[in-house]
Amino acid sequence: MGMKLVFLHGAGCSSLSFYYQLRHFRSAKAIDLPGHPDGKPCDTVDGYLEWVRGFIRARRYKNVVLCGHSMGGAIAMSYALKYPEELRGLILLGTGARLRVHPNYLQRCLESGEDKAPWLAQHMDYYREVQEEVFPVLKHRAAEVGPAVELNDLMACDRFDIMDRVAEIKLPTRVICGSDDVMTPVKYSDFLASNIEGAGKSVIPGGSHFVHMEKFQQVNEEIEGFLATFK
Ligand code: COA
């Protein structure tokens, strides 16, 4: 059965986050959420979910497997809770059922004035373990998306909490995270895997919150293994 793998990026990021997945999964789609950089961002995870649903339905994608990173994972889980019959599976990458944000992350975005350079330098620090070949394009896109949209997204994450509903997710699910993720620590993935019935979990050694850009071969193998379970 042909599955449609759809990637959803995290706060302040874009479809470029999945550069190494798109090279491998040629028929997959990585969505640029509104405001990233085109259009107006949504101020809640539920707002993004409805926008993503509109995108998917307009293109008549069938047998959709949503792979969401961080805020994208929050969107994917919310989609699964609200419209379970429209999805075939979930891949939850560096995410959690509750995504409280440390005030320092919000402050960095708030403090960015005319000179966006300090904010941009800190944003690029997220990618310090990523191969340098993608830095120029990531930097260009980050500047286009900008601190106001990152702040908007982080605030949407901060309000996200489905800790008491996550067990209602009944879709085939694979949870993936980096062992060294400090933004969404392994315990967040442990919680997801132990509360979603039948969910598998893979912790990638040495990976950070951006494990899919760092240890992309391992992450791609995990995704491929999960997709193979549908055949
Ligand atoms: N899954 C499982 N457990 C979770 C969880 C999740 N998604 N979210 C929170 N918890 C746990 C915490 O680990 C904590 O457990 P503990 O009491 O055993 O230590 C408890 O629930 C309460 O945590 P939290 O709601 O996060 O509040 P807090 O006041 O302890 O900490 C922060 C707030 C922001 C400092 C903290 O959430 C944090 O460091 N977050 C990660 C960094 C970040 O900002 N990430 C950005 C995500 S986009």
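Good morning. I begin with a cluster in which ring pairs link Tyr19, Tyr20 and Phe216. Rings of Phe, Tyr and Trp (its six-membered ring) pair if their centres lie within 6.5 Å; planes under 30 degrees apart count as stacked, over 60 as edge-to-face and the rest as tilted.

The model is predicted: local features need pLDDT of at least 70, side-chain atom pairs count only at pLDDT 80 or more, and totals for chains, interfaces and linings use all residues. Residues are numbered from 1 along each chain as its sequence is written, and side-chain values use heavy atoms, with hydrogens and water left out.

Across the whole structure, the search finds nine aromatic pairs. In one of them, the ring centres of tryptophan 51 and phenylalanine 55 are 5.7 Å apart and the planes stand at 35°, so this pair is tilted. Both residues belong to helix α2 (residues 45–58), where a spacing of four residues separates them by about one helical turn; helices (H or I, at least four residues) and strands (E, at least two) are DSSP runs, numbered from the N terminus. Tryptophan 51 is partly exposed at 33% relative accessibility, whereas phenylalanine 55 is buried at 13%. Here buried means under 20% relative accessible area, exposed over 50%, and partly exposed in between (1.4 Å probe, protein chains only).

Tyrosine 126 and phenylalanine 210 make a stacked pair, with 5.6 Å from centre to centre and 20° between the planes. Tyrosine 126 lies in the loop between α5 (117–125) and α6 (135–158), and phenylalanine 210 in the loop between β6 (200–204) and α8 (211–214), so the pair ties together parts 84 residues apart in sequence. Tyrosine 126 and phenylalanine 210 are both buried.

Next, charges over rings, a term that requires NZ of Lys or CZ of Arg within 6 Å of the ring centre and within 35 degrees of the ring normal. Lysine 4 lies over the face of tyrosine 61, 4.7 Å from the ring centre. Arginine 53 takes such a position over tyrosine 83, at 3.7 Å from the ring centre.

Finally, I turn to threonine 184, in the loop between β5 (173–178) and α7 (186–195). Is threonine 184 buried or exposed? With a relative accessible area of 2%, threonine 184 is buried. Leaving aside neighbours within four places in sequence, its contacts (heavy atoms within 4.5 Å) are Ser70, Gly94, Thr95, Leu99 and His209. The side chains of threonine 184 and histidine 209 are joined by a polar contact of 3.0 Å. Thank you.

Note on methods:
Polar contact = N/O pair within 3.5 Å; in protein donor to acceptor, adjacent residues only side chain to side chain.
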